[in-house]
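Hi,

Here is the model I said I'd pass on.

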Amino acid sequence: MSALHIFDIAGSGMKAQNLRLNLVASNIANANSVSSSLGQVYKSRQPVFAAELNNLLDKNKAAGVDVLGVVESQAPPVMEYAPNHPMADELGYIYKPNVNTVEEMANMMSASRAYENSVEVLNTAKNLMLQTLKMGQ
Amino acid sequence: MAINFERALGIHPNALILREKRGELLAANLANADTPDYKARDLDFKSVLAQKMASQSGLKTSHQGHLASPTTLLGADVKYRNPNQASLDGNTVEEHIEQAKYAENAVQYQASLRFIEGKFSGLMTALRGE
């Protein structure tokens, strides 16, 4: 039954938004993780979304969301001069992640709204399918 | 004389299939609300209906009140939506509009279901002959 395709699509949306929420949680949790070198410092992680290509090529088919991967932000980490810090390097600098907590909070709200949207779509489709199954009774 | 179900149910089963297809497209739009460069899509009934009526394929329509034959509706075109306010990342999904359309489509789906149920109960009444 092709109707179940709606469930796949809404499910792919929920999966993608769930990953996004996870990454936001990881970014916010690590916002204050200090490091003593540029290479080791935590970098903000962001998901890359794309429409499912196979279904997009056939223009009459609906396409779900595909997560192509997770990228680390290229923004420079914050250097802070704190010679008394136990993690300070030989020049007295510590390195803080390039996580922008305000941005992440906005990201989180957007992701949770989109997730709720998918849940609503799923519920509506489920109700319609149940009614269809009960047809003629 | 055998009962012809196709004739008894009329256009409604096809309408149901179309509503389902449209539901899928709208669900995909909502799921891709945050996908860069995704373009919102929808079914365009009106133009397909007009086009089919003009081409006179299938049943003939000689009056503006006539409907096109049911099977021709299934070739409905998928078109891209014109956004009121496109976002910078090339995404043209406007969630509030898609939500409204999805709700509208769900109600229309239910209406088609009710019509079919009505047809069936009519058939049952005829069969029982009470």
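A word on naming before anything else: helices (H or I, at least four residues) and strands (E, at least two) are DSSP runs, numbered from the N terminus. This is a predicted model, so local features need pLDDT of at least 70 and side-chain atom pairs count only at pLDDT 80 or more, while totals for chains, interfaces and linings use all residues. Residues are numbered from 1 along each chain as its sequence is written, and chains are lettered from A and ligands numbered from 1 in the order in which they are written.

Chain A first. Along the sequence it runs α-β-α-β-β-β-α, which comes to 3 helices and 4 strands. Its radius of gyration (taken over C-alpha atoms) is 22 Å, well over the 14 Å that the globule rule gives for 137 residues, so chain A is more spread out than a compact globule. That rule is 2.2 Å times the number of residues to the power 0.38. Along the principal axes, the C-alpha atoms of chain A fill a box of roughly 80 × 30 × 15 Å. Of its 137 residues, 28% count as buried (20 or more other C-beta atoms within 10 Å of a residue's own; 12 or fewer is exposed, in between is partly exposed, with C-beta atoms placed from the backbone).

Lys96(A) sits in strand β4 (residues 93–96) and is partly exposed, because it has 17 C-beta neighbours inside 10 Å. Leaving aside neighbours within four places in sequence, Lys96(A) is in contact (C-beta atoms, placed from the backbone, within 7 Å) with Val34(A), Pro77(A), Val78(A) and Glu80(A).

Now the interface. It takes 28 residues from chain A and 24 from chain B. On the chain B side, α2 (12–31) and α4 (95–128) each supply at least two residues, and α4(B) gives the largest share, 9 residues.

What about α3(A) and α2(B)? They pack at an angle of about 165°, with axes 9 Å apart (axes are lines fitted to C-alpha atoms, for helices over the stretch in contact, and angles run from 0 to 180 degrees between N-to-C directions). The two helices are therefore roughly antiparallel, the label for angles over 145 degrees. Asn117(A), Ser118(A), Val121(A) and Ala125(A) meet Gly23(B), Ala27(B), Leu30(B) and Ala31(B) there.

Cheers

Conventions: Contact = placed C-beta atoms within 7 Å. Parallel < 35°, antiparallel > 145°, perpendicular 65-115°, else oblique.
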